[in-house]
Amino acid sequence: MKIEQSIIDQHNQQLLAKHTKQVDFLKESISNFEEIVSKVQKFNIAIPSWALGTGGTRFGRFSGKGEPGNLEQKIEDVGLLHALNKSSGAISLHIPWDIPQDAEKIKALAASYGLAFDAVNSNTFQDQPNQALSYKFGSLHHVDPAVRKQAVEHNIEVIKHGIALGSKALTVWLADGSSFPGQLNFREAFQNTLESLKEIYKHLPSDWKMFIEYKAFEPNFYSTTIADWGQSLLLANKLGDQAYTLVDLGHHLPNANIEQIVALLLMEGKLAGFHFNDSKYADDDLTAGAIKPYQLFLIFNELVDGMDARGIDHATGLGWMIDASHNLKDPLADLLQSVEAIKMAYAQALLVDRQALKKAQQENNVVATQEILQDAFRTDVRALVAEARLREGAALSPIKLFTDINVRQQLINERGESTVATGL
């Protein structure tokens with residue numbers, strides 16, 4: 001389905017009077033309101049193809065209804081999101097869950113919804129039908145050279161699909177690791193991974209990037225071969241200028257200072273971008289900003305400061321993507337909420353008085369630094385973000401419109417109740 005612009009306009013008209021009052025109030029207190037709105041308008045977050053169906057846990061999966069049953073329907077769903085918020089203008093594919101059979105046709109379909117293709121993602125963390133060798137004991141780090149070769153060839157194939165679609169980056173996340181002491185030789189596993197990545201790196205086009213993702217634990221619980229940002233950065237530095245470290249907010253040990261990690265990676269020019277989600281305990285893959293909204297703001301505070309220091313364009317300089325798995329909510333509603341939370345955190349970070357913060361830091365005025373940051377965080381920027389949407393022709397309240405016109409029921413009517421999206 002497509003949401004006609006007239007439906008969005010009608011929705012906005014109903015909310016416009018209240019919205020205008022809220023915007024006028026913010027303009028009185030935010031001197032650079034127009035500058036911030038302009039930046040928020042340009043800021044888009046890519047949607048992963050695997051997040052459009054109901055997720056699950058190791059205990060089970062409760063499939064939803066009207067799920068996208070193929071890549072074309074997934075593009076349609078991202079098109080729905082983008083029509084509602086004009087902030088989800090790209091889709092990130094996971095291969096082989098979503099292999100385009102006709103790249104030109106798929107590109108044309110995506111373009112009809114105003115979408116481009118973000119980073120392509122390889123998958124060596126599970127065995128696929130008719131796969132010759134198993135990844136049960138790892139892929140790029142495997143003790144068997146034949147398994148490593150198979151995993152390398154898969155990544156090269158993913159790059160080829162990405163080239164055909166106009167993507168510019170490959171994301172590599174490995175489940176490789178061990179669950180028991182003595183199972184692996186850590187040095188050999190790391191070296192095998194490096195050599196495998198070198199083979200993949202050779203096949204990157206000159207204008208591409210390789211995003212190396214890390215994760216502290218799971219599905220292996222004693223060691224992960226790329227367990228933290230230091231190990232990812234070590235690999236990226238050894239590979240070359242086209243390799244970067246990707247930060248997934250759920251891939252850290254509890255209470256890790258992610259904002260400090262971000263600051264240092266930016267300083268080194270090795271931050272690839274983000275997989276946004278939220279967590280309480282581990283890699284919970286919850287809605288961005290649902291558990292730790294202040295942490296999300298603090299991360300964006302470092303991002304804005306670090307990107308400005310290096311002259312990096314906020315909208316295009318890094319990779320911005322959601323990586324979540326939805327077990328309880330409607331996936332589309334959840335993604336709308338995540339995008340909203342991310343853009344609010346970004347807008348709040350743009351409010352920080354950088355000169356005042358720098359002065360307070362130089363004076364060791366700890367009270368003032370806290371006040372400056374929390375003043376920005378406690379500013380209600382919902383109307384500002386909504387104004388950015390309005391100017392792009394999107395809905396003032398995407399969730400309200402999604403609910404009012406019953407998007408999910410319309411998708412059920414079109415697709416039926418038993419479709420199941422590919423992916424986890």
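Figure 1. The model contains 2 cavities of 30 Å³ or more, a cavity being a set of points on a 1 Å grid over the protein atoms alone where a 1.4 Å probe fits but cannot get out. The second largest cavity has a volume of about 40 Å³; a volume is the space filled by probe spheres set on the points, with grid points joined across faces, edges and corners. Its lining consists of D118, A119, T171, F211, L246, F274, H275, G319, W320 and M321, where a lining residue has an atom within 4 Å of a point. Strand 10 and strand 11 are the elements that give two or more residues to this lining, and strand 11 gives the most, with 3 residues. Helices (H or I, at least four residues) and strands (E, at least two) are DSSP runs numbered from the N terminus. By class, the lining of the second largest cavity comprises 6 nonpolar, 3 polar and 1 charged residues; Ala, Val, Leu, Ile, Met, Phe, Trp, Tyr, Cys and Pro count as nonpolar, Asp, Glu, Lys and Arg as charged, and the others, Gly among them, as polar. This is a predicted model, in which local features need pLDDT of at least 70 and side-chain atom pairs count only at pLDDT 80 or more, whereas totals for chains, interfaces and linings use all residues. Residues are numbered from 1 along each chain as its sequence is written, and side-chain values use heavy atoms, with hydrogens and water left out.

Figure 2. The order of the 6 strands is 4-5-7-9-10-11, with parallel pairing; two strands pair if DSSP finds at least two bridges between them. Strand 4 (120-121) and strand 11 (319-322) are the edge strands, each pairing on one side only. Within the sheet, strand 9 (residues 243-248) and strand 10 (residues 271-276) are joined in the parallel sense over 4 bridges, and G273 of strand 10 is the bridge partner of L246. Helix 5 (residues 145-165) lies across strand 4 and strand 5 (169-172), at about 145° to strand 5. Helix 8 (residues 258-267) lies across strand 9 and strand 10 and runs at about 150° to strand 10. Axes are lines fitted to C-alpha atoms, for helices over the stretch in contact, and angles run from 0 to 180 degrees between N-to-C directions; contact means heavy atoms within 4.5 Å.

Figure 3. Strand 2 (residues 90-92) pairs with strand 3 in the parallel sense over 2 bridges, and A116 in strand 3 is the bridge partner of A90.

**Figure 4. The second largest pocket.** This pocket has a volume of about 580 Å³; a pocket is an open set of points with protein on both sides within 12 Å along at least five of seven lines. Of the 23 lining residues, E340, R382, A386, R389 and L396 are the closest to the centre of the pocket. Helix 1 (5-29), helix 10 (331-351), helix 13 (382-392) and helix 14 (398-404) each supply at least two residues of the lining. By class, the lining of this pocket has 11 nonpolar, 6 polar and 6 charged residues.

**Figure 5. Packing of helix 2 against helix 13.** Helix 2 (residues 33-42) packs with helix 13 at an angle of about 65°, their axes being 9 Å apart. The contact involves F33, E34, I36, V37, V40 and Q41 of helix 2 and L384, V385, E387, A388, R391 and E392 of helix 13. By class, 7 nonpolar, 1 polar and 4 charged residues take part in this contact.

Figure 6. The peptide bond from I95 to P96 is cis, with omega near 20°, and P96 is found in the loop between strand 2 and helix 4 (103-112). A cis peptide bond also joins E218 and P219, with omega about 10°; P219 is found in the loop between strand 7 (209-213) and strand 8 (223-224). N130, a residue other than glycine, has a positive phi near 65° and lies in the loop between strand 4 and helix 5.
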